[in-house]
Amino acid sequence: MEGIRHRTLQVNGIEMHIAEKGEGPVVILLHGFPELWYSWRHQIVSLAARGYRAVAPDLRGYGDTDAPSSTSAYSVLHIVGDIVALIDALAQDQVFVVGHDWGAYVAWWLCVLRPEKVKALVNLSVVYNLRNPKRRTVDAIRDIFGEDHYICRFQEQGTIEAEFAQIGTTTILKKFLTYRTPAAIMVPKEKGFEGSLETPISLPSWLTEEDINYFASKFEKSGFTGGLNFYRCLDLNWELTAPWGGVQVKVPTKFIVGDLDLTYHTPGIQDYIHKGGFKNAVPLLEDIVVMEGVGHFINQEKAHDISDLIYDFISKF
């Protein structure tokens, strides 16, 4: 972590914490849930060593970035607005973008709304889907999986925060970050998150107690509400993005996913990725990498490989 600089920038009406290192073309790294800039620690160092300026923000509601109190302040338009303002604050016309999980979702929409800002995109775990004009997002999830799906459960304001508090910040982070079951997280109310997420006996080699302690120190302070509000805005996002229904992502793109990633086992997703649907939605999709034996938190689990894959792609531009 040596040489990583930290500072706070005013963007889009909030104060945003960023971690950065290196000089050269800017690469913005967008994290997911329940994560922080720290999830990109290995890529920051690697990209900086290869002639890039790596910039990883804590997204709105996370870590040392402001967390507005209103749930509706976490819509995709707000988050994309934050990233556009960050690009401007860095005095850049165009940047490379790398996203994982929610960061990938935000990156896709950044490319829909402001494609001229993005030179090339590398997204991990979460694909881009054209908006379904007939079905709200959470309703669609409920139709496939039922009420016990974790995204449905996350809609319950206050209830989930209380459950997380009861389990404990450190334990809940360990449960999520080590989840490797190639299936959706199902959380029956009678079992709760404590009983539904596998409890690791020991941490994997790629995740240390020191790493967990860093994440926990920030979530102890901020709580999980900011991150959960991203999920609570899914239906609001569906409403707000109606004008962009059917819009393709037209930015050069590479997509990477682990074959044990829960997202890769969503019904129909593998056909979508490999049989033309994804390419139709993202015409400039140049490469799809499926990493064997790798779970959801791919940028941490296979840090060196992911750094190489990012570099190999962006170095072409």
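Two strands count as paired if DSSP finds at least two bridges between them. Strands (E, at least two residues) and helices (H or I, at least four) are DSSP runs, numbered from the N terminus. The views below show a predicted model, in which local features need pLDDT of at least 70 and side-chain atom pairs count only at pLDDT 80 or more, while totals for chains, interfaces and linings use all residues. Residues are numbered from 1 along each chain as its sequence is written, and side-chain values use heavy atoms, with hydrogens and water left out.

**View 1. The eight-stranded open sheet.** Let us start with the sheet, whose strands follow the order β1-β2-β4-β3-β5-β6-β7-β8 with mixed pairing. At its edges are β1 and β8 (285–291), each of which pairs on one side only. From one strand to the next, the twist averages 20°. Here and below, axes are lines fitted to C-alpha atoms, for helices over the stretch in contact, and angles run from 0 to 180 degrees between N-to-C directions.

**View 2. Strand β5 and its two partners.** Strand β5 covers residues 95–100. On one side of the pairing story is β3 (residues 26–30), which runs parallel to β5 and is joined to it by four bridges; Leu30 stands opposite Gly99 of β5. The pairing of β5 with β6 (residues 118–124) is also in the parallel sense, over six bridges, and Val95 has Val118 as its bridge partner in β6. Is β5 buried or exposed? Six of its six residues are buried (under 20% relative accessible area, where exposed is over 50% and partly exposed lies in between, with a 1.4 Å probe and protein chains only), so β5 is largely enclosed by the rest of the structure. Val95, Val97 and Gly99 point one way, and Phe96, Val98 and His100 point the other way.

**View 3. Two helices lying across the sheet.** Helix α2 (residues 76–89) lies across β1, β2, β3, β4 (53–57) and β5, and runs at about 115° to β1. Helix α15 lies across β3, β5, β6, β7 (253–258) and β8, at about 155° to β6.

**View 4. Helix α1 packed against helix α15.** Residues 41–49 form α1 and residues 303–314 form α15; their axes are 9 Å apart, at an angle of about 45°. The two helices are therefore oblique to each other, given that angles under 35 degrees count as roughly parallel, over 145 as roughly antiparallel, 65 to 115 as roughly perpendicular and the rest as oblique. Which residues make the contact (heavy atoms within 4.5 Å)? From α1 come His42, Gln43, Ser46 and Leu47, and from α15 come Ala303, Ile306, Ser307, Ile310 and Ile314. These residues divide into five nonpolar, four polar and no charged.

View 5. In the loop between β1 (5–11) and β2 (14–21) you will find Asn12, which has a positive phi of about 50° although it is not a glycine. Asn12 counts as partly exposed, at 40% relative accessibility. Asp101, in the loop between β5 and α3 (102–113), is not a glycine either, yet has a positive phi of about 60°. With a relative accessible area of 9%, Asp101 is buried.

Key:
Contact = heavy atoms within 4.5 Å. Nonpolar A, V, L, I, M, F, W, Y, C, P; charged D, E, K, R; others polar.
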